[in-house]
Amino acid sequence: MQALWMLLAAFSFATMGVGVKIASVSFNTAELVMYRGIVSCLVMGLLIASRGRSLRTAVPAMHLWRSLVGVTSLGGWFYAIGKLPLATAMTLNYTSGIWIAAFILGGRSEEHTSEL
């Protein structure tokens, strides 16, 4: 069953990429991010309401920071999909793990790199 969820997620991301590519002809990046955010909030709100939960959090500043980083990242991804060929944008998206590792290792001081 877990593999089916992974397939569904991959299909959903691929479909979203194609949808963003098609919609980028008529809408700018900020509009696309806004519309995706509205849909996400509606789905999340329905799930939370159906389970009788609350959106209250003990760490609102951390959620605000995560939201800011998430919206910025999504804007960058949608911009790339809209301006680059879809295959190039998706390939760059899949290299994100490499860049994260490079930034983490590149930010280490000299004394710590000798331990590697």
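**Close-up views of a predicted chain**

**View 1. The surroundings of L84.** Leaving aside residues up to four places away in sequence, L84 touches K21, A89 and L92, where a contact means heavy atoms within 4.5 Å. This is a predicted model, in which local features need pLDDT of at least 70 and side-chain atom pairs count only at pLDDT 80 or more, while totals for chains, interfaces and linings use all residues. Residues are numbered from 1 along each chain as its sequence is written, and side-chain values use heavy atoms, with hydrogens and water left out. L84 itself sits in the loop between α3 (60-83) and α4 (86-94). Although L84 and K21 are 63 residues apart in sequence, their C-alpha atoms are 9.2 Å apart in space. Is L84 buried or partly exposed? With a relative accessible area of 29%, L84 is partly exposed, given that buried means under 20% relative accessible area, exposed over 50%, and partly exposed in between (1.4 Å probe, protein chains only).

**View 2. G45 in helix α2.** G45 is found in helix α2, and at 35% relative accessibility this glycine counts as partly exposed. The C-alpha atoms of G45 and N28 are separated by 26 Å, and these two residues are 17 apart along the chain. Helix α2 (residues 29-51) has the highest mean pLDDT among the elements of the chain, 95, where pLDDT is the predictor's confidence in each residue, from 0 to 100.

**View 3. Helix α6 and the order of the elements.** Helix α6 (residues 110-113) has the lowest mean pLDDT among the elements, 56, whereas the mean pLDDT of the chain is 89 and 92% of its residues reach 70 or more. The chain holds six helices and zero strands, which are DSSP runs numbered from the N terminus (helices H or I, at least four residues; strands E, at least two). The radius of gyration of the chain is 18 Å, well over the 13 Å that the globule rule gives for 116 residues, so the chain is more spread out than a compact globule; this radius is taken over C-alpha atoms, and the rule is 2.2 Å times the number of residues to the power 0.38.

**View 4. The chain as background to the close-ups.** Along its principal axes, the C-alpha trace spans about 50 × 40 × 35 Å. Of the 116 residues in the chain, 12% are buried. Among contacts between residues at least 6 apart in sequence, 60% join residues at least 24 apart.
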